[in-house]
Amino acid sequence: MKIIKKLILSIFITMFCTSVSFSGPFTDDLARCVIVKTTERDKIALVNWIWFAMSVHPDIAKNMGSKVLDKEKEIADKKVAYIVSNLFLDKCKEETENAFKYEGREAIGAFKPLGEMSMKTLMQNKKVGDSLSSYSEFLNPNLLEMMKKYQ
């Protein structure tokens with residue numbers, strides 16, 4: 001059971017944290033399949049799951065005013081577990097088998113597109129983009145002038 005937990009943790013770390021990794025042809029095929037077969041509904045569920053997961057960080061939780069309910073988090077976890085299982089065991093079964101058969105643990109890199117798609121979905125929302133850029137109105141004017149100077 002410990003090995004399975006470590007594998008699952010490494011999968012989710014790969015989804016969100018890796019920037020450069022080996023990718024063989026079978027892992028590439030699996031990653032392409034994941035991208036094509038992930039629905040808009042799946043992407044929304046993944047975005048919600050990311051929010052729930054990050055909201056338990058103490059620095060975030062103290063600013064939220066209310067904590068995520070365990071039941072809500074469990075529902076989000078179950079949705080993501082279903083999405084991942086469905087993608088890798090049904091929709092992309094052949095690609096999953098080949099990637100793990102021929103490229104071993106490196107095939108975990110195929111999970112990365114799920115994280116990237118989730119973040120892209122989140123960032124493409126106009127309200128999120130506006131919120132992320134709103135800090136710029138408080139930047140030191142000297143910094144803005146320097147940036148303009150070198151454009």
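Modeller: The largest nonpolar core has 23 residues. Leu-30, Val-34, Val-84, Leu-87, Phe-88 and Leu-114 are those with the most contacts inside this core. The model is predicted, and what follows was computed from its atoms. Two or more residues of the core come from each of α2 (25-37), α3 (40-55), α5 and α7. The most is given by α5, with six residues.

Helix α5 covers residues 70-91. Its 22 residues should span 32 Å at 1.5 Å a residue, and the end C-alpha atoms are 30 Å apart, which agrees. Ala-76, Val-80, Ile-83, Val-84, Asn-86, Leu-87 and Phe-88 are the buried residues of α5. With neighbours within four places in sequence left aside, Leu-87 is in contact with Val-34, Lys-37, Thr-38, Cys-92, Lys-93 and Leu-114. Val-34 and Leu-114 are also among the core residues with the most contacts.

Helix α5 also holds a charged pair. Lys-73 and Asp-77 form a salt bridge, with the closest N and O atoms 2.6 Å apart. These two residues are four apart in α5, about one turn of the helix. Lys-73 is partly exposed at a relative accessible area of 22%, and Asp-77 is partly exposed at 31%.

A search of the whole structure finds three aromatic pairs. In one of them, the rings of Trp-51 and Phe-52 have centres 5.2 Å apart and planes at 70°, so this pair is edge-to-face. Trp-51 is partly exposed, with a relative accessible area of 44%, whereas Phe-52 is buried at 14%. In another, the ring centres of Phe-88 and Phe-111 are 4.1 Å apart and the planes are at 20°, so the pair is stacked. Phe-88 lies in helix α5 and Phe-111 in the loop between α6 (93-103) and α7, so the pair ties together parts 23 residues apart in sequence. Phe-88 and Phe-111 are both buried.

Helix α7, another contributor to the core, covers residues 112-123. Its 12 residues should span 16 Å at 1.5 Å a residue; the end C-alpha atoms are 17 Å apart, which agrees. The buried residues of α7 are Lys-112, Pro-113, Leu-114, Gly-115, Met-117 and Ser-118. Of these, Leu-114 is one of the contacts of Leu-87.

The side chains of Lys-93 and Glu-97 meet in a salt bridge at 4.0 Å, N to O. The two residues are four apart in helix α6, about one helical turn. Lys-93 counts as partly exposed at 42% relative accessibility, as does Glu-97 at 47%.

Glu-40 and Lys-43 are joined by a salt bridge through their side chains, 3.1 Å from N to O. They are three residues apart in α3, about one helical turn. Glu-40 counts as exposed at 53% relative accessibility, but Lys-43 is buried at 16%. In total, the salt bridges come to nine.

Technical notes: Residues numbered from 1 in each chain as written. Predicted model: local features only at pLDDT ≥ 70, side-chain atom pairs only at ≥ 80, totals over all residues. Heavy atoms only, no water. Expected span 1.5 Å × (residues − 1). Buried < 20%, exposed > 50% of the residue type's maximum accessible area, 1.4 Å probe, protein only. Phe/Tyr/Trp six-rings, centres within 6.5 Å; stacked < 30°, edge-to-face > 60°. Core = buried A, V, L, I, M, F, W, Y, C linked by side-chain atoms within 4.5 Å. Contact = heavy atoms within 4.5 Å.
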